[in-house]
Amino acid sequence: MIYTFTVHRSCQVKTFLKEHDVSKSLLAKIKFGGGHIWINGEEQFATYPVHAGDLVSIEIPNEAPHHNLAPIPFDLDIVYEDEHFLVLNKPYGYASIPSVNHSNTIANFVKYYYMSKGYPNQQVHIVTRLDKDTSGLMLFAKHGYAHARIDKQLQTKSIEKRYYALVAGDAELKKQGEIIAPIARDGDSIITRHVDKSGKYAHTSYRLLDDYGPVKLVDIRLHTGRTHQIRVHFAYIGLPLLGDDLYGGSLEHGITRQALHCHHLAFVNPFSKEKMVFRSNLTDDFENVIIDLQNK
């Protein structure tokens, strides 16, 4: 892929490209992997001096697929796609990436999709992951440069993700509020987490949408991205997610996974500068629980 930029001050071209999110590793890939750097139409090295008004073009080599990630066919629910990004609606029950316990994952499905389409870049770049039993919107970068550019928004926490959750318990819940409590790994588990002063800062906002007595539907926004953050924070305030037996959630309402769905995803496309906003409807298992509660 070829990208062209206009220089606004004097510097070395590698310094200028760094300001456009071209990392040292990507620059090395351009240099040694078959890419090119052109200044005003002439090929140059990364140390070449550029000045205001110069045109800098880079050609980034295509990315071959990772051979240790098996392509697996799956009917993906694609919400949006352009040459840089892919947004899909993830079903619950599938992990985002392979592990010792999971081989039939979203990453495997996306690799198959890329290969079936014959895309020039076939590496899978996940920007926003979801737990296996969390459903909803996931964002992928379709090449390494797009991943590098959108990663800046991850670092500044400017990618907005909101979730629906069904929570249950005897604790009261205000119409809206903040949960700010540090999260640490459990000492005897590599999976579970808990609130502890030794943990990492974690911040969750919520808004109460509907109250069905002990069960409540909440709209949640993450300001940090700690492992199991929503699940841990709501268990901490006495309202664990329905179906989340790992953190004490009720199994009485017929939902068989943690009741968590990423329904809103928003970011600025770093190439077009356009604000991108995506939404996802509740899944059937959420709807069934809510209908049952409304009829009681």
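1. The lining of the second largest pocket draws at least two residues from each of helix H1 (13–18), helix H2 (24–32) and strand S3, where helices (H or I, at least four residues) and strands (E, at least two) are DSSP runs numbered from the N terminus. H2 gives the most to this lining, with six residues. The volume of the second largest pocket is about 430 Å³. Of the 19 residues that line the second largest pocket, the closest to its centre are Lys14, Leu27, Ala28, Lys31 and Ala46. By class, this lining of the second largest pocket holds eight nonpolar, six polar and five charged residues.

2. A word on terms and on the origin of the model belongs here. The model is predicted, local features need pLDDT of at least 70, side-chain atom pairs count only at pLDDT 80 or more, and totals for chains, interfaces and linings use all residues. Residues are numbered from 1 along each chain as its sequence is written, and side-chain values use heavy atoms, with hydrogens and water left out. On a 1 Å grid over the protein atoms alone, a cavity is a set of points where a 1.4 Å probe fits but cannot get out, whereas a pocket is an open set with protein on both sides within 12 Å along at least five of seven lines; lining residues have an atom within 4 Å of a point. Grid points are joined across faces, edges and corners, and a volume is the space filled by probe spheres set on the points. Ala, Val, Leu, Ile, Met, Phe, Trp, Tyr, Cys and Pro count as nonpolar, Asp, Glu, Lys and Arg as charged, and the others, Gly among them, as polar.

3. The largest pocket has a volume of about 1400 Å³. Of the 44 residues that line the largest pocket, Arg129, Leu130, Asp131, Thr227 and His228 are the closest to its centre. Helix H4 (144–155), strand S11 (160–168) and helix H5 (229–236) each supply at least two residues of this lining of the largest pocket, and the largest share, three residues, comes from H5. Sorted by class, the lining of the largest pocket has 15 nonpolar, 17 polar and twelve charged residues.

4. The count of cavities of 30 Å³ or more comes to one, and the largest cavity has a volume of about 50 Å³. Lining the largest cavity are Met1, Tyr3, Ile60, Pro61, Glu63, Asn121, His143, Gly144 and Tyr145, which divide into five nonpolar, three polar and one charged.

5. Four strands form an open sheet in the order S1-S6-S3-S4, with antiparallel pairing, where two strands pair if DSSP finds at least two bridges between them. Strand S1 (2–6) and strand S4 (42–43) stand at the edges, each with a single partner strand, so one side of each is left without a neighbour in the sheet. Within this sheet, strand S3 (residues 36–39) and strand S6 (residues 55–59) pair in the antiparallel sense over four bridges, and His36 stands opposite Glu59 in S6.

6. Elsewhere in the chain, strand S12 (residues 176–180) pairs with strand S15 (residues 203–212) in the antiparallel sense over five bridges, and Ile179 stands opposite Thr204 in S15. S15 is also joined by eight bridges to strand S16 (residues 215–222), the two running antiparallel, with Tyr212 opposite Val215 in S16. The hairpin of S15 and S16 has two residues between the strands, and Gly213 takes a positive phi near 90° there.

7. Not counting residues up to four places away in sequence, Val215 touches Leu166, Val167, Ala168, Leu242, His253 and Leu293, a contact being heavy atoms within 4.5 Å. The C-alpha atoms of Val215 and Leu293, which are 78 residues apart along the chain, are separated by 8.3 Å.

8. A search of the whole structure finds zero disulfides, a disulfide being a pair of cysteine sulfur atoms within 2.5 Å. Cys11 counts as buried at 13% relative accessibility, and Cys262 is buried with a relative accessible area of 0%.

9. For the chain as a whole, the secondary structure comes to six helices and 18 strands, and the C-alpha trace spans about 75 × 40 × 40 Å along its principal axes. Buried residues make up 48% of the 296 residues in the chain.

Terms used. Buried means under 20% relative accessible area, exposed over 50%, partly exposed in between (1.4 Å probe, protein chains only).
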